[in-house]
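Hello,

Here is the structure for you to look at. My notes follow below it.

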Amino acid sequence: MKCADLEVAPFAWAPPAAAEFEAEFEGGRSTRTLPTLTPATIIDSHCHAGLGDGFTGPWDTAAPLADYLRRAARAGIARTVLLPAFHSDYARANRALARIVARDPRRLIGFAMVHAQRDRGRVLPMLRSAIEQGGLAGIKLHRHDAPITREVCDAARALGVPVLYDVTGEVSVVELLADQYPDVNFIIPHLGSFADDWRAQLALIDHLERHPNVHADTSGVRRFDLLLQAVRRAGAHKILFGSDGPWLHPALELHKIRLLGLAPAQEALVLGGNLLRITPRARLTAVAAAAPDAAAARDR
Ligand SMILES: [Zn+2]
């Protein structure tokens, strides 16, 4: 594949009608393959946006989107899940993220962030506000802030949204999450370790294989054969394409998925089908956002 191939894919995506969506993704947690998914729907399930207030590095200072959005469009990525940067006040960061998502709700999907310790006792109301009023669609949690808690998992269960939890290599907790919350979908980014911890990533594949509600994203994963092993052992329905933009280049990360050489239906799952299946609110946003355009098209 020539590099130029990554640049010619047009940014064109039309959401299916509401009825088609609901028929395709009935129940929201099915792990069956979805061969009818529109092949052109590429969703980046992991990108950061907004300002942080930590000033220790890009991850807690600023995640500017302009370059990312241009690069993603050129790569044919139709939609993107946005996550806040690290922040000392996630209620505020979530409101800021909701404003970014509201600028282009057809293209942008937001996950709300909480700090499992600092926000304890108010996790559910914080998330309910971010999701039901702010229009966000999932939960992001980072081990660097604090270990995941029952309170966060209970909130995910109550709100019917997935949890993207960066375990920073501590993958054993996945056994507990899968066992105690089989009805909550978890996404473990970076195949368990942004730091290329081979032991952690290998161990995560075992969890992916055994637990129906545990998924991984591909963002920043450098050991290609581990990605290949993950998809072969756990199945394409457990792996989500993510870039970790704006800091990593979305076309480069997308090319890794192409190099897996999956059958088109399997590749479509990795490139967006899985995210839509486990994120009911991302489907609603697309359908709701599509409606005014469809009406406008009829009026023209
Ligand atoms: Zn990230």
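**What was found**

Phe55 is exposed, with 8 other C-beta atoms within 10 Å.

Two points on the source. This is a predicted model: local features need pLDDT of at least 70, side-chain atom pairs count only at pLDDT 80 or more, and totals for chains, interfaces and linings use all residues. Numbering starts from 1 along each chain, as its sequence is written.

Back to Phe55. Its phi is positive, about 60°, although Phe55 is not a glycine. Phe55 sits in the loop between strand 1 (43–51) and strand 2 (62–63). Helices (H or I, at least four residues) and strands (E, at least two) are DSSP runs, numbered from the N terminus.

Thr168 also has a positive phi, near 45°, and is not a glycine. Look for Thr168 in the loop between strand 6 (163–166) and helix 7 (173–180). Thr168 is partly exposed, with 18 other C-beta atoms within 10 Å.

Next, a cis peptide bond. It runs from Gly245 to Pro246, with omega near 0°. Pro246 lies in the loop between strand 9 (239–240) and helix 10 (250–259).

Two strands pair if DSSP finds at least two bridges between them. Strand 4 (residues 108–113) and strand 5 (residues 138–142) are parallel, over 3 bridges. Met113 has Lys140 in strand 5 as its bridge partner.

Best wishes

Notes: A residue is buried if 20 or more other C-beta atoms lie within 10 Å of its own, exposed if 12 or fewer, and partly exposed in between; C-beta atoms are placed from the backbone.
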